[in-house]
Amino acid sequence: MFRIAVCACVALSAAAQTLPAPAREIALYPGAAPGSENWNYPERAAGTPDKPQAQNIVHPVLLYYPADKATAVGTAMIVAPGGGFRTLMMSYEGVDVAKRLNQMGIDAFVLKYRTTYVAAASIQTNGALVSPVSTSQVPNPQAYQNVRAMSDADGQQAVRLIRQHAADYGVRPNRIGMIGYSAGGGVLLSAVYGPADGRPDFAAPIYAAGASSAVPPANAPPLFIAVAADDKSVGYQGSIDLFGAWIKAGAQAELHVFQMGTHGFGKKGGGADHYLDRLEEWLRVNGLLTR
């Protein structure tokens, strides 16, 4: 009989340890997340020490990184990393962003939303380690489930939870924002278009998956949109269409299409390197950095 080997290699454990620890880890739901009650596999670290990742998220949480109380402005932002709904890029689309938001006086909450199951790279049979493994050899614990919808639900629940407990975190319930990258941008857009109680007050979709010309909801939140012209993964047109839909509806939006940066803004040397500076300017213009 095959079974998944529960083993963490030294390199991956080290990768997870490179991230600053949050002040608190906040569960999104009081018990098992709805729909994933039977997911009984462990979360695991992946990636490299400079780009740590998380996979197989079963228990969605918020990692709380508060701003210094002396400089906090009463604004909160949820940070939704990307990774194709299979992986979460925990550094440059997660904790690194949270720490930069802290410098602006913003309390940050990195969202670890539920992801598609990724089979282990090795299995054990009769105690012996066998590698590599075809994923067809490992049963899919998420069979017939819409995991993307669960990820979206986690984004909405994150907004709802922080708004309900805003006083506990010293933030204003009408200043709960969200920034999301790639797949995390898709989670963000689901919250933006979703029920009002789980909708952020402002949002920053960054090279967001699923950006389109869909009609915005009533009382649509202001958007800060950023993408690179040389993005070959999600492209730039969706971000342009999203901006156009907001403007057509009379809602507020700002759009940056950087000449270079590729998907993930990994290509350095252009304006995309400084997108968080542009975000800070936008937040200030919209009164979100005032105390």
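**View 1. Leu289 is a buried residue, with a relative accessible area of 10%.** Buried means under 20% relative accessible area, exposed over 50%, and partly exposed in between (1.4 Å probe, protein chains only). The model is predicted: local features need pLDDT of at least 70 and side-chain atom pairs count only at pLDDT 80 or more, while totals for chains, interfaces and linings use all residues. Residues are numbered from 1 along each chain as its sequence is written, and side-chain values use heavy atoms, with hydrogens and water left out.

View 2. Helices (H or I, at least four residues) and strands (E, at least two) are DSSP runs, numbered from the N terminus. Leaving aside residues up to four places away in sequence, Leu289 touches Val73, Met104, Ile106, Arg175, Glu280, Leu283 and Arg284; contact means heavy atoms within 4.5 Å. Val73 is 216 residues from Leu289 along the chain, yet their C-alpha atoms are separated by 5.8 Å.

**View 3. Strand 3 (residues 44–48) and strand 4 (residues 51–55) run antiparallel.** Five bridges join the two strands; strands pair if DSSP finds at least two bridges between them. Ala45 has Ala54 in strand 4 as its bridge partner.

**View 4. The whole chain, with seven helices and 14 strands.** Of the 291 residues, 51% are buried. Among contacts between residues at least 6 apart in sequence, 74% join residues at least 24 apart. The accessible surface is about 13000 Å², and 54% of this belongs to carbon and sulfur atoms; areas come from the Shrake-Rupley method with a 1.4 Å probe, and for residues only the protein chains shown count as cover.
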